[in-house]
Amino acid sequence: MSNLMNRRILLGVSGGIAAYKSAELIRRLQDMGADVRVVMTRAAEAFMTPLTLQALSGHPVHNDLLDPEAEAAMGHISLARWADLILIAPASADIIARLAHGKGDNLLTTVCLARRCELAIAPAMNEAMWHNQATQDNLAILQQRGIHQLGPASGGQACGDIGMGRMSEPSTLASEVSHFFETGLLAGKTVVITAGPTREAIDPVRYISNHSSGKMGYALAQATVDAGAKVILISGPTALPCPDRVTCIHTSSAIDMYQSSMDHLPGCDIFIASAAVADFRPATIAEQKIKKTGQDTMHIEMVKNPDIVTAIANADPKPFVVGFAAETHDVIHYARDKLQRKNLDMVVANDISDTHIGFNSDDNIVTILTAESEQYLPKANKFQQAQRIIQAIAKQY
Ligand code: C5P
């Protein structure tokens, strides 16, 4: 899978004949899984219509810094925050000069000033403009600031000249852009995560469940997507919002969660089972609300639920499988037993006898076990723990 899967690329299009190539560039970036939004300068609109780029990107094109309506929808700061990378292609001599001087005189330059992400430019201009000392000095300033320069190429130009200044081809640019995301620990991997509790229905209004908040699983989903993976989060009922860029599948019972996990097994590289799955469910679900009249006790016959993580770990081919072990005593002993019995590659063990950590709390202390190793992770919030767990998985995988 591509490094650009789920990556957010803000494509800046400035004025120049090479603006016609931006249509193709959007397609190439999308082919590699990127979500592309477009900002155009007014000069760019003389060469390419915003409507074309809107149709291709699937989103309105942004072009006005001073339009209150556009700013209310997604203003320059939100656009700058949204992007994982800003790519200006084509980058004219003029936009290069504006960037070098820190101008904020149009939407594109302002977004660049407000950005926190990497910025790459694909220069495109006539070869005399390219060789002009002013352009070369501006490029040197941008280079010193860590702005990436992609191209230009040499060859025939629209004006009839031959030389440096042709914008690199869209497929070359898309491939160069994908290299920016290579550092993601789990780039290109598909990770399926179960999270939260399950609900086992007794009748149409009642169920048996547990206190799992889902916080650990949701933090893992966020850390995994941040590591560059495609993430499918199969969640039982929780009060948590679906993390950004994660595909959330909402389930209720253990049987639902089992079915959804099996459905997502093909193509899954890593499976992380953090859900607190009910071990048993009522043997039958009453069709109508059970009445309390005439009985002082109640007997519910329970039957065993399928063990989701064991089923995944015994599939062929099997992904790298990580389970959780929440225990109140002999934590490491039981976790090690789980590692072997369930055929897991890794177990994340935590002690839930301390109510300040673990189940339904924001912090956690865990030990990561594999067949050969044991790594203790001191107390930290669940998001920090999630990042450490993802690092350990990436190392082991
Ligand atoms: O056996 P126990 O419930 O203690 O094992 C916990 C681990 O197994 C967790 O990773 C949990 O998500 C997973 N599990 C499962 N399906 C079940 C029960 C547990 O995937 N029915």
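The structure holds 1 cavity of 30 Å³ or more; on a 1 Å grid over the protein atoms alone, a cavity is a set of points where a 1.4 Å probe fits but cannot get out, and lining residues have an atom within 4 Å of a point. This is a predicted model, where local features need pLDDT of at least 70, side-chain atom pairs count only at pLDDT 80 or more, and totals for chains, interfaces and linings use all residues. Residues are numbered from 1 along each chain as its sequence is written, and side-chain values use heavy atoms, with hydrogens and water left out.

**Exercise 1.** Find out which residues line the largest cavity.

*Solution.* 
- Start with the space: about 40 Å³ lies in the largest cavity.
- Now look around it: the lining is made of Met5, Asn6, Arg7, Val225, Gly228, Ala229 and Arg245.

**Exercise 2.** Work out how helices H1 and H10 are set to each other.

*Solution.* 
- Pick out H1 (residues 21–31) and H10 (residues 170–179), whose axes come within 8 Å and cross at roughly 45°. Axes are lines fitted to C-alpha atoms, for helices over the stretch in contact, with angles from 0 to 180 degrees between N-to-C directions. Helices are DSSP runs (H or I, at least four residues), numbered from the N terminus.
- Check the classes: under 35 degrees is roughly parallel, over 145 roughly antiparallel, 65 to 115 roughly perpendicular and the rest oblique.
- So H1 and H10 are oblique to each other.
- Finish with the touching residues (heavy atoms within 4.5 Å): Lys21, Glu24, Leu25, Arg28 and Leu29 in H1 meet Pro170, Ser171, Leu173, Ala174 and Val177 in H10.

Technical notes: Helix = DSSP H or I, 4+ residues; strand = E, 2+ residues; numbered from the N terminus. 1 Å grid on protein atoms, 1.4 Å probe; cavity = no way out; pocket = protein on both sides within 12 Å on 5 of 7 lines; lining within 4 Å. Points joined across faces, edges and corners; volume = space filled by probe spheres on them.
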